[in-house]
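Here's a quick briefing on the salt bridges in this protein. Have a look at the sequence and model first, then read on.

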Amino acid sequence: MARVLYGCCLSISPKKQRPKFTVCHAELNAIMNKNSADVKGCIMYVALFPCNECAKLIIQAGIKEVVYLSDKYHDTLEMTASRTLLNMAGIQCRQFTPKRTKIVIDFNSINHPGILNSATK
């Protein structure tokens with residue numbers, strides 16, 4: 001028996017063993033939980049370059065471009081296969097280069113309601 005819990009698959013064996021969680025990749029989750037009829041012609045933004053299994057889903061979904069932040073597993077067989085599949089399907093892949101290396105959120109400013117930022121004036 002398997003149950004899906006927000007991007008994870010929970011497998012419970014009949015031997016009453018501990019539950020085993022398996023990961024659902026973000027690409028699959030995004031394609032399956034889209035807010036439109038389809039994603040054909042869309043651009044997919046991902047943190048990591050997609051694996052070969054996700055590449056198959058991306059191709060089948062009709063996504064035209066993949067923008068990724070990191071390709072840290074570049075030299076693995078799965079990523080080589082993924083790049084080959086995406087290239088053969090004519091899907092453009094490009095690495096996103098952020099202008100900044102970090103984002104700082106000042107949660108303390110919420111505690112000072114008298115101070116208004118320029119967006120709320």
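Is Lys56 buried, partly exposed or exposed? With 41% relative accessibility, Lys56 is partly exposed; buried means under 20% relative accessible area, exposed over 50%, and partly exposed in between (1.4 Å probe, protein chains only).

Bear in mind that this is a predicted model: local features need pLDDT of at least 70, side-chain atom pairs count only at pLDDT 80 or more, and totals for chains, interfaces and linings use all residues. Residues are numbered from 1 along each chain as its sequence is written, and side-chain values use heavy atoms, with hydrogens and water left out.

**The overall count**
- Searching the whole structure turns up 3 salt bridges, each being a side-chain nitrogen of Lys or Arg within 4 Å of a carboxyl oxygen of Asp or Glu.

**Within one helix**
- Lys56 pairs up with Glu53 in a salt bridge, at 3.1 Å from N to O.
- Both sit in helix α2 (residues 52-61), 3 residues apart, so about one helical turn separates them. Helices (H or I, at least four residues) and strands (E, at least two) are DSSP runs, numbered from the N terminus.
- Glu53 is partly exposed, at 45% relative accessibility.

**Between distant parts of the chain**
- Arg94 and Glu65 form a salt bridge at 2.4 Å, N to O.
- That pair links distant parts of the chain, with Arg94 in strand β6 (residues 92-95) and Glu65 in strand β5 (residues 65-70), 29 residues apart.
- Arg94 is partly exposed at 34%, whereas Glu65 is buried at 9%.
- Asp71 and Arg83 make a salt bridge too, their closest N and O atoms being 3.6 Å apart.
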